[in-house]
Amino acid sequence: MTSDEVRNLFLEFFRERGHTVLPSSSLVPHGDPTLLFTTAGMVQIKPYFLGIQTPPNVRLASCQKCFRTTDIDSVGDSTHLTFFEMLGNFSVGDYFKREAIAWAWEFVTDHLHLDPERLWASVYLDDDEAFTLWEITGVPTHRIYRFGEKDNFWGPAGDSGPCGPCSELHYDRGVQYSCNLPECGPNCDCGRFVEIWNLVFTQYDQKPDGTRIPLPEPNIDTGMGLERIVAAVQDTPGVYETDLFSDLISLIGTLTGQRYGESAEIDRAMRIIAEHGRGMAFLVADGVLPTNEGRGYVLRRILRRAALFGRRIGLTGPFLDQVADAVVNQMGASYQELTAQRELVLDVIRVEEQRFAATLETGVGIVDDLIEQALARGADTLAGEDVFRLYDTFGFPRELTAEVAREHNIAIDVDGFEAALEDARKKARVSHAFRGDAHLDAWLAGTPPTEFEGYESLSLQGSIVSMRKDGELVESAVEGDEVDIILNRSPFYGEMGGQVGDSGRLSSSAAEVDVHGTVRTSSDVIVHRSRVTRGQLRIGDTVFGQVEEGRRLDIARNHTATHLLQAALRAILGQQATQRGSLVAPERLRFDFSWMGAVDQARVEEIERWVNEKARANLPVSTRHTSYDEAMRSGAIALFDEKYGDEVRIVTIGLPPISIELCGGTHISATGQIGMFLIVNEGSVGTGLRRIEAVTGRAAEDLVRKRTRTLESIARRMGSTDVDVLDRVFSVLDETDILRRRIASLERHLAASTVESLVQQARSIAGVMVVVARVDGLSMNVLREVGDSLRDRLGDSVVVFATVDQGRPLFLVMASSSLTTRGIHAGHIAMRAARVTGGGGGGKPTMAQAGGKEAYKLEEALAEATRAIEEQLSSRPDA
């Protein structure tokens, strides 16, 4: 029985029993940035169990693609996987233990035809009901084991929530895999018994104090790994010998010239390449692109790990796209996103592997050097700073360094690496606002966070807590001083999260201050970059802060428009178009998002139209503070790599919402205040990364006005109306093209007659025919053609032309290649002629161009060119 048959048989079995078969959800969980990947079939069912959403049926089944990162370093042995398929059936308050156990037994024995004598069950310690139900199915009592909470109880996510016992079905692979200990049985680590199906009975609600109360409607959540059950059905030693991997292993063998099963080291490498090849293909198909953080880093890590092991078994060039292509061919029928995204998958993997190949040899060499140095001094650990340098400079994942080091019994300093990474991140966060500010940390130490009250008010009173001038703490500042000021409370939004800071004024009875920028530090202190324009300021002074209202509103318009833009991208391009960066300024907005390939003009216009429609609808924009968990349950978009506190701020657009995001920025109260939204540019800024730049409000009005005036000016110049100007421009361009062709034709006729005239002017210098002449009215391209024609007519020769273009003298020198042995060098001749006219230039021995400034010296320059030819030929007369 093939793996495809097992998958289809499972889904059909439960469809016949009243289950709705759900398609697999994406490996990227929707609406939960705390979860890297979909790790179980339960992920898409969870909202139904929690009552957040209504299921399409109380009986559900699926084959869910899953990805788990915990076992990446273990992949390569005979059992571990990162990507796998999870077969599951679910009951949302419908059937319970009796049906779940009976159907599990029926499916594996009657449909998969597993030997009942090789099946064992385990139940929770006091779950007598499950124990009895397994007995009823025919499992002997001695093959039913009881285990505690560690093995057979699924606790709540946190201190409280739904939970319950579970029951597992185990397959006995045979005594040849046994440890032969008397206690060997299910859950033994020897490998004889393999858990093939886990049935979770969610029947309790656990309270914070640990007490458990029965749920009014218990649920069923089961999971059976396709790879494991196929290994049992096909009776293979492990998952890598099943038909799920056999074709990939065979391809890798063909590419490397190696045979699977002859060397433990080679087998491990081939398993790593095959397993990671499946994972990377599915990740890219679901919109994950290589980056240095989050999901993208996991993709980059497995791709580079596979590339490293490929080179260890003889692959010197890119090969992973071939492995991924085989994955698409094998699994595209079951997962159509693979086929639909084939080009994207192959392009991303090919480009990333090529990029890594450029640094792989250097990176491995440095790792080997570090290991050699550690062994020489008797150390057993590589320094975290060195591991970080490899990661930061050469893109060498920490885990890859650890894997290479582990082969020499050397560990890496993980804490030191994390410290170096965090230090680099802090420097990056601060560098934009305080580039080169070595005293910042000392200044901010012990400074309490600034109370930001700018959401509610654009003006308020605060007191000066601290000031700096030229990087040094000061007690006072006077007119003309540039100072950084910290207040105890402020209406000024400090630059953060892509939004630029406010500007405005601070004033008191004794001073006036221009605030030209504000920055929010990682410790939530708002620094006001300022200049004293009148009087004197002192620490402790009370000042009145006034934000520049027009500029703040421009920023708010752009920020709300940015949220609409993200919603538009997700609606039009799909969920894989995820935010990668942004800039919200008063005059424009910029939004970077993940997307492979180009976004055609029609889609750009559709995105722009979508945002403008929502702006015209004047949808309400509201904000509220809530817990992070509640925000996630509401479907809010958050950045995976962003750190959020227990309380977060949600910005919601529309009722019902069309956009819900976690955001600390400033916004308008209704989308109508955006005015007009215009995309001014869309393009690539890197592999898998696109950028949209746009304007709104006053900036959009200015742009439309400017474009309108430009259009009107062109129309007037063309003698046309605004409506007809495009046709008129095209007509003029067509006419210009016709005239250009006519001019070219006339030039060619003129060139032909010029050649005849110049042949008559040719003279011999040291036996070489030379033409030195001023030729006007011909372009440089035509002059080159004339020079070629002259050399064809004269044989071995030197040609020097001078002409004047827009008042500037130009020189062209051409020489037959055979004359270079006699000392002729066109570049030197051109340079000498140009110098006479105050210019310069040069070129190759056979052709050169030069230019000058003083056209009135043209005849003198030609004379100098003639002298240069004479001198070159006289230097080697017999060559």
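## Salt bridges, a hairpin and a surface patch

In this predicted model, the side chains of E12 and R15 come together in a salt bridge, with 2.7 Å from N to O. Both residues belong to helix 1 (residues 3-15), where they sit three residues apart, about one turn of the helix. E12 counts as partly exposed because its relative accessibility is 33%, and R15, at 40%, also counts as partly exposed.

| Pair | N to O distance |
|---|---|
| E12 and R15 | 2.7 Å |
| E407 and R312 | 2.4 Å |
| D524 and R520 | 3.2 Å |

Now to the strands. Strand 28 (residues 689-696) pairs with strand 23 (residues 589-594) in the antiparallel sense over six bridges, and S594 has L689 as its bridge partner. Strand 27 (residues 677-686) also pairs with strand 28 in the antiparallel sense, over eight bridges; here N681 stands opposite E693. Strands 27 and 28 form a hairpin with two residues between them, and G688 in the turn has a positive phi of about 70°.

Finally, a look at the surface. L726, F730 and L733 make up a nonpolar patch with about 310 Å² of accessible area together. F730 is found in helix 21 (residues 725-761) and, at 46% relative accessibility, counts as partly exposed.

Terms used
Residues are numbered from 1 along each chain as its sequence is written. This is a predicted model: local features need pLDDT of at least 70, side-chain atom pairs count only at pLDDT 80 or more; totals for chains, interfaces and linings use all residues. Side-chain values use heavy atoms; hydrogens and water are left out. Two strands pair if DSSP finds at least two bridges between them. Helices (H or I, at least four residues) and strands (E, at least two) are DSSP runs, numbered from the N terminus. Patches are made of residues with over 30% relative accessible area and no salt bridge: like charges are joined within 9 Å, nonpolar side chains (Val, Leu, Ile, Met, Phe, Trp, Tyr) within 5 Å. Accessible areas come from the Shrake-Rupley method with a 1.4 Å probe; for residues, only the protein chains shown count as cover. A salt bridge is a side-chain nitrogen of Lys or Arg within 4 Å of a carboxyl oxygen of Asp or Glu. Buried means under 20% relative accessible area, exposed over 50%, partly exposed in between (1.4 Å probe, protein chains only).
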